[in-house]
Structure formats: C-alpha cells, structure tokens
Amino acid sequence: MSGENTAWAERSDSVIIGNYGRYPATMIKGEGCILTDADGKKYLDCLSGIAVCSLGHCHPAVTRAICDQAQKLVHISNLYYSQPQIELAEMLVANSFADKVFFANSGAEANEAAIKLVRIASGPERYGVISLAGSFHGRTLATVAATGQPKFHEGFEPMPEGFSHAPFGNLNVLEAMITNQTCAILCEPLQGEGGVRPLEVEYLKGLQDLCRKHDLFLIFDEIQTGIGRTGSLFAYEQLGVVPDIMTVAKALGNGLPIGAMLTRKEIAAVLKPGTHGSTFGGNPVATAGAVATLKVILEDGFLVAVQEKGEYLRKGLDDLATRFPTLATGARGMGLLSGLALTEKGIEQGTAMVNSLFDRGVLINFAGNVALRFLPPLIISTEEIDQLLNALGEVLGECEA
Ligand SMILES: *Cc1c(COP(=O)(O)O)cnc(C)c1O
C-alpha cells in the first residue's frame with residue numbers, strides 16, 4: 001500500500017469501527033469488471049461487491065435510471081404509492097412463481113420479513129425455523145440465529161429463540177428435528193458464503209416433501225443465487241423445486257441497497273397494514289435502478305451467456321485442479337457462482353492465495369474456509385476469465401512450490 005491508499009486507510013481506521021478486515025485499497029472508480037484504486041492500480045473484479053454488481057460497475061443503463069429518478073423523486077416513504085416500486089414488483093411477479101412482493105433494503109431484512117411472515121401465518125404456537133449447517137442468512141439477530149455457522153454467533157448469545165440447524169444434506173435428521181413448534185424450513189439452493197456448496201436436487205425435493213407432509217413453509221434464500229447469478233433468473237427454476245417464499249437482494253439493484261421477499265398471494269394476505277414495514281424499503285431510486293438492472297438481465301441471450309461463461313470458468317478451474325492436485329480438488333457451482341474446492345493443504349493457503357491474487361490485481365475471496373469463490377460480473381468476457389485463470393495458475397504454482 002502506498003501514497004493515497006495509505007492516507008485513506010489511516011483516515012478510515014481512525015473514525016470507522018473496525019468490524020471489517022479490509023484489503024489495503026481505497027477504490028475510487030469502477031467500469032465494467034475493472035476497479036481502480038486511489039493510487040491508480042487497476043483490478044479485475046471477480047467478486048462484484050459480493051455478487052452485487054452483476055452488470056459490472058456503473059452500467060450505463062442503471063446509472064441513467066438512477067440519475068433520471070434522482071431528478072424526479074428520491075424518497076416518499078411507504079405512505080404513498082411509488083411508480084418504480086410498482087414497476088419492479090410487476091417484473092418480479094411476471095418472472096417468478098410469486099404473486100406478491102415486499103421490499104426491504106438488504107438481504108438480512110428480506111429474510112427478517114420472511115421469518116416474520118411464516119410466524120404470523122402459522123399462529124402463536126408455531127414459530128420454529130429450521131435452517132442448515134453451513135448456511136448464511138444475514139447479520140441481524142434473527143438472521144444470524146438462522147445462520148448455521150457458530151462463528152457468527154460467538155459473543156452475541158443468547159440467540160433469539162426458535163432457530164435450529166440441520167446437518168447439511170441429511171433429510172432423516174432434519175425430519176427428526178421437526179416439532180409441533182416448527183413452521184418453516186429455510187435454505188439457500190446453493191450455499192454461497194458456506195463455500196459454494198450446491199444442494200442436491202433430490203435433497204431439495206425431499207425438503208419440499210417434508211414441508212408438505214408437516215405443513216411447513218419452504219423458504220429459499222436466493223439473496224446470492226438470485227437475479228441471474230446462476231444462469232437462470234432464480235436458481236429454483238433450474239432445480240425444479242418451487243419454494244413458498246423467496247428472498248432476494250444483492251444483485252437486484254446492481255449496487256443500490258435493496259432486498260425483496262416474494263410469495264404467493266394466499267400467504268402474503270396475512271401481512272395486513274401495520275404488521276410489518278420499512279421506511280426506505282422500495283425506495284424510488286433503488287427500485288428505478290433495479291428495474292433497469294432486471295431489463296438488461298432479461299434481454300434475450302443474457303442468461304444463456306451466463307451459463308456458458310460459468311461452464312467455461314469451471315472447465316478452467318477443473319484444469320487447474322488437475323494441474324495442482326495437492327492444492328485443489330475441483331470446481332463446483334452454478335452459472336457464474338463458482339468455487340474451486342481446496343485440499344487440506346490448499347485450505348491452509350487459501351487466504352494467502354487470495355492475497356497473492358490481490359497483489360496481482362485480481363479480486364476473489366475464500367468462502368467458508370473451504371473454497372476459493374468467484375463471483376465476477378455476469379458481463380465478464382472470456383478474455384477476462386482467461387486473465388483470472390492465468391493469474392490463479394501462477395498463484396497455485398507458487399503455493400505448490
Ligand atoms: C449476503 C447474504 C445475506 C445477507 O444480505 P445482506 O444484504 O448483507 O444483509 C443473506 N443470505 C445470503 C444467502 C447472502 O448471500
């Protein structure tokens with residue numbers, strides 16, 4: 001770190017709470033897949049602000065929509081109707097299983113809404129939500145309680161009541177955990193933060209069967225998998241299992257803070273005026289940006305290209321795993337949500353690999369302490385994917401030595 005980057009980092013550390021471990025770069029500009037820091041160093045962004053900027057940084061259609069809306073109306077609260085909010089809800093409904101949408105400002109808030117919905121819809125005796133080990137559902141108290149990774153709970157106990165975690169991939173144990181208090185099963189169709197771990201289609205179908213048998217709601221957290229990331233607008237479309245409730249956020253606004261909970265109209269009907277709300281939820285600028293984002297993602301051929309580029313990337317990652325078998329076991333993922341699973345020796349060096357790529361100007365991260373995670377903008381070119389694979393090959397070569 002040098003010059004401007006150092007100066008900004010020092011200012012930041014003196015006034016901003018240190019709850020994030022940050023890389024030594026202050027990003028000042030982004031265009032497509034490229035970020036530029038305060039010292040002028042350029043980075044190939046293969047994280048997209050953690051699966052957020054799917055159309056790349058400062059996509060012209062989104063930037064135009066934000067600017068246009070900001071000149072008309074920035075905020076009105078939910079006491080009044082809002083045009084871009086209505087347009088966005090219509091698009092989400094037209095392109096999913098859902099009939100109704102609630103807007104929030106983040107993923108955790110979308111999940112909070114889903115948890116409140118299943119509780120109010122199930123009556124006072126039934127409030128339990130079962131989620132999976134290794135899952136990630138957010139950082140608020142309820143969503144962190146739903147998160148199946150103890151490291152996120154440490155120091156914040158007692159956790160709110162009503163959350164339990166089933167072991168990953170075992171339906172029998174999960175069924176044995178269902179009690180008279182249980183009202184929902186919550187899961188990600190593919191665990192993102194947990195290390196890019198896909199759930200088997202058979203397992204997801206089994207979850208749906210359990211929900212039907214025990215009269216539970218099935219909630220899919222598609223905050224990371226949704227909005228085109230996996231090569232379909234929502235991951236559930238490829239898995240053949242339709243949830244009762246789905247949450248989305250991250251990529252929905254291509255960088256604007258927005259989340260949403262989607263469900264069928266019979267379930268939605270229990271949220272009557274006054275039961276739940278958000279001051280900023282569905283804010284006009286955020287929803288206008290999201291409408292522009294969805295329009296691009298829904299253009300003919302866009303999602304097919306995401307699938308093809310995902311396959312291209314995973315083929316390259318598999319080739320690297322073949323070249324470096326002591327470090328990596330193979331690629332996994334869907335669309336452009338990809339991971340390179342590491343061996344035990346590789347895991348020891350996972351953080352060093354990410355740091356070494358950072359030094360070379362390539363941004364990725366290490367997810368769940370098991371896999372390198374790649375979340376490039378969906379508009380990434382095959383040349384840029386090659387650049388990533390070449391840099392990763394060099395880094396793996398160094399680590400092997
Ligand atoms: C990121 C994420 C969340 C939390 O979203 P925030 O916007 O950070 O609150 C929840 N669930 C999943 C699957 C995520 O990837």
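Predicted model: local features only at pLDDT ≥ 70, side-chain atom pairs only at ≥ 80, totals over all residues.
Residues are numbered from 1 along each chain as its sequence is written, and side-chain values use heavy atoms, with hydrogens and water left out.

A polar side-chain atom of Asp-221 is 2.7 Å from a nitrogen atom of the ligand, and an N or O atom in the side chain of Gln-224 is 2.8 Å from a ligand oxygen atom. The ligand taken alone exposes 390 Å², of which the protein buries 82% (Shrake-Rupley method with a 1.4 Å probe; for residues, only the protein chains shown count as cover). The shell around the ligand (residues with a heavy atom within 4 Å) includes Ser-106, Phe-136, His-137, Glu-188 and Lys-250. Helix α5 (residues 107–122) gives the most to this shell, with three residues; helices (H or I, at least four residues) and strands (E, at least two) are DSSP runs numbered from the N terminus. By class, the shell has three nonpolar, six polar and three charged residues. Here Ala, Val, Leu, Ile, Met, Phe, Trp, Tyr, Cys and Pro count as nonpolar, Asp, Glu, Lys and Arg as charged, and the others, Gly among them, as polar.

An open sheet of four strands has the order β1-β2-β3-β15, with mixed pairing (two strands pair if DSSP finds at least two bridges between them). Its edge strands, β1 and β15 (362–363), each pair on one side only. Strands β1 (residues 27–31) and β2 (residues 34–37) are antiparallel over four bridges, and Gly-30 has Leu-35 in β2 as its bridge partner. Two residues separate these strands in their hairpin, where Gly-32 takes a positive phi near 60 degrees. Strand β2 is joined to antiparallel β3 (residues 42–45) by three bridges; the partner of Thr-36 is Lys-42, and Ile-34 stands opposite Leu-44. The hairpin of β2 and β3 has four residues between the strands, and Gly-40 in its turn has a positive phi of about 90 degrees. In contrast to these antiparallel pairs, β3 and β15 are parallel over two bridges, with Leu-44 opposite Val-362.

Grid points are joined across faces, edges and corners, and a volume is the space filled by probe spheres set on the points. The second largest pocket holds about 800 Å³. Its lining has 23 residues, with Gln-85, Val-101, Phe-102, Phe-103 and Leu-271 closest to the centre. Strand β4 gives the largest share of this lining, four residues. The lining comprises 11 nonpolar, 10 polar and two charged residues.

One cavity of 30 Å³ or more is found. The largest cavity holds about 50 Å³ and is lined by 13 residues, including Ser-77 and Asn-283. Four of its lining residues are nonpolar, nine are polar and none is charged.

Note on methods. 1 Å grid on protein atoms, 1.4 Å probe; cavity = no way out; pocket = protein on both sides within 12 Å on 5 of 7 lines; lining within 4 Å. Polar contact = N/O pair within 3.5 Å; in protein donor to acceptor, adjacent residues only side chain to side chain.
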